[in-house]
Amino acid sequence: MKFGILVSEGPYQHQASDSAYQFTKAALEKGHEIFRVFFYHDGVNNGTRLTVPPQDDRHIVNRWSELAKKYNLDLVLCIAAAQRRGMLDENEAKRQGKDANNIAPGFRISGLGQLVEAGIQSERLVVFGD
């Protein structure tokens, strides 16, 4: 089955991030396809490379990045939600006149059209978050 995943909660604030990661990983290991993982609202905080959890805690951002690398996943951060939370990729940082970017490897920034496309192209769109 082909899934699209929507994550609307940040890491370390809500179970949704961990549940979305575990669901995505299990689906891929069982041979299912993940068309795209779209991060919306506070869910975009799953994609900041400046996250530094305590050493004895799970590193959710790194987990997503490693999963993206292993399975060539498309991890998309909503551009409007990301910018409101101070998250910029290299291109947006230049465009906005900022001197730094903070998007973790494996993630990219794009618009809501990517979420709509995930809903159209997938057999199921699974939502994690309130």
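Trainee: How many residues does the largest nonpolar core have, and which of them have the most contacts inside it?

Mentor: Keep in mind that this is a predicted model. Its largest nonpolar core has 33 residues, and F39, W64 and F107 are those with the most contacts inside it. As background, nonpolar side chains in soluble globular proteins tend to be buried together.

Let's zoom in on W64. Leaving out residues up to four places away in sequence, W64 touches F39 and F107, along with S17, A20, Y21, T24, V37, N46 and L75. W64 is also part of the contact between α1 and α2. On the α2 side, I60, R63, W64, L67 and Y71 take part, and they meet S17, D18, A20, Y21, Q22, T24, K25, L28 and E29 in α1. By type, the residues of that contact divide into seven nonpolar, three polar and four charged.

Now the geometry. The axes of α1 and α2 come within 11 Å and cross at roughly 20°. The cut-off for roughly parallel is under 35 degrees, so α1 counts as roughly parallel to α2. Their crossing is left-handed.

One more detail sits in the loop between α2 and β3, where you'll find N72. N72 has a positive phi of about 55° although it is not a glycine. With a relative accessible area of 70%, N72 is exposed.

Technical notes: Residues are numbered from 1 along each chain as its sequence is written. This is a predicted model: local features need pLDDT of at least 70, side-chain atom pairs count only at pLDDT 80 or more; totals for chains, interfaces and linings use all residues. Side-chain values use heavy atoms; hydrogens and water are left out. A nonpolar core is a set of buried Ala, Val, Leu, Ile, Met, Phe, Trp, Tyr and Cys residues joined through side-chain atoms within 4.5 Å. Buried means under 20% relative accessible area, exposed over 50%, partly exposed in between (1.4 Å probe, protein chains only). Contact means heavy atoms within 4.5 Å. Axes are lines fitted to C-alpha atoms, for helices over the stretch in contact, and angles run from 0 to 180 degrees between N-to-C directions. Helices (H or I, at least four residues) and strands (E, at least two) are DSSP runs, numbered from the N terminus. Angles under 35 degrees count as roughly parallel, over 145 as roughly antiparallel, 65 to 115 as roughly perpendicular and the rest as oblique. A crossing is left-handed if the near helix is turned anticlockwise from the far one by less than a right angle, and right-handed if clockwise. Ala, Val, Leu, Ile, Met, Phe, Trp, Tyr, Cys and Pro count as nonpolar, Asp, Glu, Lys and Arg as charged, and the others, Gly among them, as polar.
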